[in-house]
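Visitor: I'm new to this one. Could you walk me through it with a few questions and answers?

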Amino acid sequence: MDKKLSIIAFSGDFDKLTAVFTLATGAAAVGYEVNVFFTFWGLDALKKKKGRALAGDSPLTKLFGFMMGGLSAAPNSRFNFFGLGPKIFRSLMRKKNVATLEELVEAAKMLGVNLYACEMAMHVLGLTKEDFIPEVKDVLGVASFLKISDGGQTLFI
């Protein structure tokens, strides 16, 4: 049986996205098929536009789109310190010669990690596939993701 890891990325927090992409790239580097399903706040990691942007199809979804500022604005889940937390972590990661979140995302792309966006969450947030980086392989519903994940290990972050 082939080795397969599927990750459900629900959070848009810096530390949790770092865990998602660390696990994804590590598994891909040792030959696993890796599928990552981004839903709700996790979709923020896939945004094409850098920083805060009014993405969405209504005033409320545009507000959510603005609050979701992409990787560069992802807050820590704890000890955010008014936005300084991720900057501190990035600095520590560079000093310790550890890949930053942005570097992990690039590595995931190069290693062929399959990135999927949740169709239902996209509809709720007023987003389209064009709002995301081109490496998003597809927009899926839960049933399709479960089919892709079948036969492997699944993690929820």
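Visitor: Which helix does R90 lie in?

Guide: This is a predicted model, so keep that in mind as we go. You'll find R90 within residues 84-95. That stretch is helix α3.

Visitor: And is R90 buried or exposed?

Guide: The relative accessible area of R90 is 10%. The cut-off for buried is under 20%, so R90, at 10%, counts as buried.

Visitor: What is R90 in contact with, leaving aside its neighbours within four places in sequence?

Guide: Here we skip the residues within four places of R90 in sequence. What remains is this set of contacts: F14, L71, S72, T100 and E102.

Visitor: Let's move to strand β3. How many of its residues are buried?

Guide: Strand β3 covers residues 114-118 and is mostly covered. On one side sit N114, Y116 and C118, and on the other L115 and A117, all buried.

Visitor: Which residue in β3 is the bridge partner of V36?

Guide: Strand β2, residues 33-38, runs parallel to β3, and 4 bridges join them. Look along β3 for the partner of V36 and you land on L115.

Visitor: Now for charges. How far apart are the closest N and O atoms of K16 and D13?

Guide: Side chains of opposite charge can pair when their charged atoms come close. K16 is partly exposed at 34% relative accessibility, whereas D13 is buried at 18%. The two form a salt bridge, with the closest N and O atoms at 3.9 Å.

Visitor: What separates K109 and E106 along helix α4?

Guide: The side chains of K109 and E106 meet in a salt bridge, 2.9 Å from N to O. Both are partly exposed, K109 at 24% and E106 at 41%. They are 3 residues apart in helix α4 (residues 101-110), so the separation is about one helical turn.

Visitor: Which residues do salt bridges that share partners join into one network?

Guide: K109 also meets E135 in a salt bridge, 3.8 Å from N to O. That pair links distant parts of the chain, since E135 is in the loop between α5 and β4 and K109 is in helix α4, 26 residues apart. Salt bridges with shared partners therefore make one network of E106, K109 and E135.

Notes. Residues are numbered from 1 along each chain as its sequence is written. This is a predicted model: local features need pLDDT of at least 70, side-chain atom pairs count only at pLDDT 80 or more; totals for chains, interfaces and linings use all residues. Side-chain values use heavy atoms; hydrogens and water are left out. Buried means under 20% relative accessible area, exposed over 50%, partly exposed in between (1.4 Å probe, protein chains only). Helices (H or I, at least four residues) and strands (E, at least two) are DSSP runs, numbered from the N terminus. Two strands pair if DSSP finds at least two bridges between them. Contact means heavy atoms within 4.5 Å. A salt bridge is a side-chain nitrogen of Lys or Arg within 4 Å of a carboxyl oxygen of Asp or Glu.
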